[in-house]
Amino acid sequence: MLTVASDIDVLARFGRALADPIRCRILLALHEAPAYPADLAEVLGVSRTRLSNHLACLRDCGLVVTVPDGRRTRYELADERLGHALDDLRTAVVAVETDRTCVDADAKGCC
């Protein structure tokens, strides 16, 4: 049964998805075009098992969906607005020094 998530839950799910670089790469790849797991694994240079675990996380977060395609299953973003959100985030967070993390990164576990 589907339920409508609260605003905080939605943001937390999105944050969880973006917390891992592989999941970020998957989302960006799916923003470009829907894809099959085997193709994604090859493009991203990860094992199919590892990719499967990340896709499961993204499905559980409600960010990607599966589309049956004959005997195969294709993945795509659950909503086209997610692609716009990814674009907005990429362009909004540009003034970051790559050799630094948050001041409290070690203490708070961020960045």
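With which residue does R81 form a salt bridge? R81 pairs with D79, and the closest N and O atoms of the two side chains are 2.7 Å apart. This is a predicted model, and its chain of 111 residues, of which 24% are buried, contains six helices and two strands.

**Overall fold**

- Read from the N terminus, the elements follow one another in the order α-α-α-α-β-β-α-α.

**Nonpolar core**

- The largest nonpolar core comprises 22 residues, and those with the most contacts inside it are I26, L27, L30, L51, L58, L63 and V64.
- Two or more residues of this core come from each of α1 (7-18), α2, α3 (37-44), α4 (48-60), β2 (72-77) and α5 (80-92).
- In soluble globular proteins, nonpolar side chains tend to be buried together.
- L63, one of the core residues with the most contacts, touches R13, F14, A17, L27, L58, E76, L77, A78 and L82 once neighbours within four places in sequence are set aside.

**Salt bridges**

- The chain has six salt bridges in total, and the pairs described here are among them.
- Side chains of opposite charge can pair when their charged atoms come close.
- In the pair formed by R81 and D79, R81 is exposed, with a relative accessibility of 60%, whereas D79 is partly exposed at 25%.
- Salt bridges with shared partners also link D69, R74 and E76 into one network.
- D9 forms a salt bridge with R13, in which the closest N and O atoms are 3.1 Å apart, and both residues belong to helix α1, where they are four residues apart, or about one turn of the helix.
- Both partners of this pair are partly exposed, D9 with a relative accessibility of 29% and R13 with one of 32%.

- R23, which is located in helix α2 (residues 21-32), is buried but has no salt bridge, because D20, the nearest side chain of opposite charge, is 4.4 Å away and a salt bridge requires the nitrogen and the carboxyl oxygen to be within 4 Å.
- A polar atom of the R23 side chain does, however, lie 3.0 Å from the backbone oxygen of R16.
- Beyond residues up to four places away in sequence, R23 touches R16, A17, H54, C57 and L58.
- H54, a residue of helix α4, counts as buried at 10% relative accessibility, and its contacts outside the sequence neighbourhood of four places are D20, I22, R23 and I26.

**R59**

- R59 is also found in helix α4, and is partly exposed with a relative accessible area of 34%.
- Its side chain is joined to that of Y75 by a polar contact of 2.6 Å.
- When neighbours within four places in sequence are left aside, R59 is in contact with V64, T66 and Y75.
- R59 and A78 are separated by 19 residues in sequence, while their C-alpha atoms are 8.6 Å apart in space.

**Cysteines**

- The chain has zero disulfides.
- The cysteine sulfur closest to that of C57 belongs to C61 and is 4.2 Å away, which is too far for a bond, because a disulfide requires the two sulfur atoms to be within 2.5 Å.
- C57 is buried, with a relative accessible area of 7%, whereas C24 counts as partly exposed at 24% relative accessibility.

Terms used. Residues numbered from 1 in each chain as written. Predicted model: local features only at pLDDT ≥ 70, side-chain atom pairs only at ≥ 80, totals over all residues. Heavy atoms only, no water. Buried < 20%, exposed > 50% of the residue type's maximum accessible area, 1.4 Å probe, protein only. Lys, Arg positive; Asp, Glu negative; His and termini not counted. Polar contact = N/O pair within 3.5 Å; in protein donor to acceptor, adjacent residues only side chain to side chain. Contact = heavy atoms within 4.5 Å. Core = buried A, V, L, I, M, F, W, Y, C linked by side-chain atoms within 4.5 Å.
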